[in-house]
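This report describes one protein chain for a reader who is new to structural analysis. Please keep the sequence and the model in view while reading.

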Amino acid sequence: MPGLQAISSTLLRDIIYISETWLDLNERHLLAEVSQKGYVLHNIDKPSPSSSGGSSLIYIKEKLQLQIKAKRATEKSEILHLTIQPQPRQTIKIVLVYRNPTCTATEDDEFYDYIHNILGSSHETLIMGDFNLPRINWTTRQSQAPGYKVIDLMNTNSLQQHVNEPTRGNNILDLVMTTTDLSINGLEVTDKIGDHQMIDFSLEVQDPNTRTQHKQVLDYKPANFELMKEEFGSDNYEVLMSNKNAEE
């Protein structure tokens, strides 16, 4: 418990996500014990407190106007779907996940189907969490089961995966994915917490009011205005326009 408070109070980030906390907020712990001033705190409880991995927590600065859209928790996986508003007219979708490495093929299908349905709606999207998929070649985007399912998810939804360094031992287990319209800057795999490394990065947030808008403009510079004057001047418009109404 003191460790969670230390993380949230010292990192000073707008968003802090911590998976596998082993909190039991149903019986043994209070949400107030891990709350931090200036942040909205939300947790995902497993159906059973004894489930592997415990509970996940997310801290989001109050100014970002957090809205919880949906959440799904099973004995082996967690998904939290939320939105934030970094700018008055900009909404970013965030999907936080935890996947236990012992998930069956059927459990994986349900897990990825749920994420895929979230991605079906518009908005810039960030997906991050512990997928526990050690045998993926991220250079070629190739993997055998069960890793190929996350590759299929990425290919189907045009997602980019940004973590290129191991996050536990020699494996990249913790992933950060975005849609192509959302950029990430300065991603680093940093200090170790528990048995995983932390991932630190910034989202590039652009005010929608300042985004570049393209407008087609005709260029009249090459026109031969002298010839146009001669052509127009040669016509007798009084004769041409006689017997015509305003619409003609």
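The model is predicted: local features need pLDDT of at least 70, side-chain atom pairs count only at pLDDT 80 or more, and totals for chains, interfaces and linings use all residues. Residues are numbered from 1 along each chain as its sequence is written, and side-chain values use heavy atoms, with hydrogens and water left out.

**The chain**

Five helices and 13 strands make up the secondary structure of the chain. Helices (H or I, at least four residues) and strands (E, at least two) are DSSP runs, numbered from the N terminus. The chain has 248 residues, of which 38% count as buried. Buried means under 20% relative accessible area, exposed over 50%, and partly exposed in between (1.4 Å probe, protein chains only).

**Helix α2**

Helix α2 covers residues 105–119. At 1.5 Å a residue, its 15 residues should span 21 Å, and the end C-alpha atoms are 21 Å apart, which agrees. The expected span is 1.5 Å times one less than the number of residues.

The buried residues of α2 are D108, F111, Y112, I115, I118 and L119. Seen down the helix axis, they fall within an arc of 110°, so they line one face of α2. This arc is that of the directions from the helix axis to the C-beta atoms. An α-helix has 3.6 residues a turn, so residues three or four places apart point the same way. The face turned away from the buried side of α2 carries the exposed residues T106 and N117. D113, also found in α2, counts as partly exposed at 48% relative accessibility.

| Helix | Buried residues | Packing partners include |
|---|---|---|
| α2 (105–119) | D108, F111, Y112, I115, I118, L119 | β4 (67–73), β5 (77–87), β6 (90–99) |

Just after α3, S158 takes a positive phi of about 55°.

**How the two helices meet**

At what angle do α2 and α3 pack? The angle is about 20°, with the axes 10 Å apart. The contact is made by residues including Y112 and I115 of α2 and V150 and L153 of α3. The two helices are therefore roughly parallel to each other, a term for angles under 35 degrees. Axes are lines fitted to C-alpha atoms, for helices over the stretch in contact, and angles run from 0 to 180 degrees between N-to-C directions.

Technical notes:
Contact = heavy atoms within 4.5 Å. Parallel < 35°, antiparallel > 145°, perpendicular 65-115°, else oblique.
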